[in-house]
Amino acid sequence: MAGLADIAQAAGVSVSTVSRVLNRKAGIKEETRQRVLEVLSQMPHTARGVGALRRTGVVGLLVPELSNPVFPAFAEALESRAALAGYATLLCNTRAAMTEREYVRMLVARGVEGMIFVSPEIANPDNDERKSRNYYEELGAEGVRMVFVNGGAPSLDVPDITVDEHLAGYAAATHLLELGHRRIGFVSGPARALPSRLKRAGWSAALEEAGVEPVAELVANAPFGAEGGAEAMGRLLDGPRPTAVLCSSDVMALGAMREAKRRGLSTPEDLSVVGFDDIPLAAYCQPALTTLAQPIHDMAAAAVDELARQLDPDEPGRGSAGFSRMFRPNLIVRESTRQI
């Protein structure tokens with residue numbers, strides 16, 4: 001690929017001018033910018049090509065799956081906010097026909113202006129964090145504008161809009177303690193997943209404050225999803241039975257309640273259950289699920305607004321290192337928990 005000096009010479013401009021065009025900086029005459037773009041179309045400087053340097057008005061939304069209702073909810077909220085900001089969106093389900101990296105290559109080739117990653121690859125505990133970090137750093141070096149939602153990657157120079165997972169675990173456990181429960185289990189996602197670790201730390205802190213020992217036998221890790229919730233609940237019920245459990249997600253909570261019912265236990269008469277996310281089904285299942293709600297619309301608005309700021313050539317440059325907005329989850333008390 002051509003270097004900046006080659007492009008500058010061919011366009012009859014300075015290297016700094018080429019750099020300003022590549023980074024969408026203001027203060028360049030349109031005639032000059034078009035001349036640089038024309039040269040770039042013939043001898044591109046980056047793998048993104050010239051299409052990425054033109055204003056397309058399109059951003060990519062990458063979500064890990066659509067089977068868990070929380071992710072379509074995020075996608076809908078992000079799409080609505082992006083439309084208000086004047087952007088069209090391309091939605092990519094990164095655990096379906098294509099991987100996140102394959103979708104990113106497609107989006108880059110189509111010249112999207114920026115990307116919002118919900119639970120990005122680096123947050124997946126099964127991936128090599130170092131390799132994932134290098135991958136996002138390379139995208140940033142190419143000029144890809146990015147925002148993470150629940151990304152959990154403080155080592156990266158990428159804005160992260162997140163919910164307070166520690167507070168979620170703490171608030172769920174505190175609610176159950178206030179109802180008189182002392183043997184409180186945790187139906188957890190994978191042990192290495194950052195949301196699992198943070199919720200467990202919050203659960204542990206609440207128990208310790210109440211003078212209750214947070215014993216390891218009350219934590220059962222399993223894959224996220226309804227089957228994982230049933231699996232983890234089964235292991236908890238195989239030992240000394242808890243009187244209540246908090247779950248890493250509403251979907252895991254639904255699986256956990258089904259497993260409890262299969263074993264002849266009623267919720268909440270025999271076992272109180274708290275979820276996390278507040279998916280639409282949480283209010284309509286039997287019993288209606290007590291849960292910690294993510295403020296999805298507020299988080300989506302913050303993510304889109306931050307990406308739009310990055311894409312605005314008139315906005316002053318600002319490094320994103322350390323930039324993060326953390327939102328509080330909201331406890332929604334329904335029918336799946338009760339006083340003992």
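Start by selecting glutamate 231 and arginine 235, which both sit in helix H9 (residues 226–238), four residues apart, or about one turn of the helix; helices (H or I, at least four residues) and strands (E, at least two) are DSSP runs, numbered from the N terminus. The model on screen is predicted, so local features need pLDDT of at least 70 and side-chain atom pairs count only at pLDDT 80 or more, while totals for chains, interfaces and linings use all residues. Residues are numbered from 1 along each chain as its sequence is written, and side-chain values use heavy atoms, with hydrogens and water left out.

**Stop 1**

Side chains of opposite charge can pair when their charged atoms come close. Glutamate 231 is partly exposed, with a relative accessible area of 42%, and arginine 235 is also partly exposed, at 38%; here buried means under 20% relative accessible area, exposed over 50%, and partly exposed in between (1.4 Å probe, protein chains only).

Next, select aspartate 238 and arginine 263, whose side chains meet in a salt bridge of 2.8 Å, N to O. Aspartate 238 lies in helix H9 and arginine 263 in the loop between helix H10 (250–262) and strand S9 (272–277), so this pair ties together parts that are 25 residues apart in sequence. Aspartate 238 is exposed, with a relative accessible area of 58%, whereas arginine 263 is partly exposed at 33%.

**Stop 2**

Move to glutamate 217 and arginine 183, which form a salt bridge with their closest N and O atoms 3.0 Å apart. This pair links distant parts of the chain, 34 residues apart: glutamate 217 is in the loop between helix H8 (194–209) and strand S7 (219–221), and arginine 183 is in the loop between H7 and strand S6 (184–188). Arginine 183 counts as partly exposed, at 24% relative accessibility. In total, the structure holds 11 salt bridges.

**Stop 3: a buried charge**

Now select aspartate 164, in the loop between strand S5 (160–163) and helix H7 (165–178). Which side chain of opposite charge is nearest to aspartate 164, and how far away is it? The nearest is arginine 328, 6.1 Å away, and aspartate 164 is buried yet has no salt bridge; for charge, Lys and Arg count as positive and Asp and Glu as negative, while His and the chain ends are not counted. Show the backbone as well, and the side chain of aspartate 164 can be seen reaching the backbone nitrogen of histidine 166 at 3.3 Å and the backbone nitrogen of leucine 167 at 2.9 Å. Leaving aside residues up to four places away in sequence, aspartate 164 touches Met326, Phe327 and Pro329, where contact means heavy atoms within 4.5 Å.

**Stop 4**

Select threonine 17 in helix H2 (residues 15–22), which counts as buried at 18% relative accessibility. The side chain of threonine 17 makes a polar contact with the side chain of serine 14, at 2.9 Å; a polar contact is a pair of N or O atoms within 3.5 Å, and within protein one must be able to donate a hydrogen and the other to accept it, with residues adjacent in sequence counting only if both atoms are side-chain atoms. Threonine 17 also touches Ile28 and Thr32, not counting residues up to four places away in sequence.

Then go to alanine 308 in helix H11 (residues 296–311), which is partly exposed at 22% relative accessibility. The C-alpha atoms of alanine 308 and arginine 145 are separated by 9.4 Å, although these residues are 163 apart along the chain.

**Last stop: the whole chain**

Of its 340 residues, 51% count as buried. Among contacts between residues at least 6 apart in sequence, 72% join residues at least 24 apart.

Technical notes: A salt bridge is a side-chain nitrogen of Lys or Arg within 4 Å of a carboxyl oxygen of Asp or Glu.
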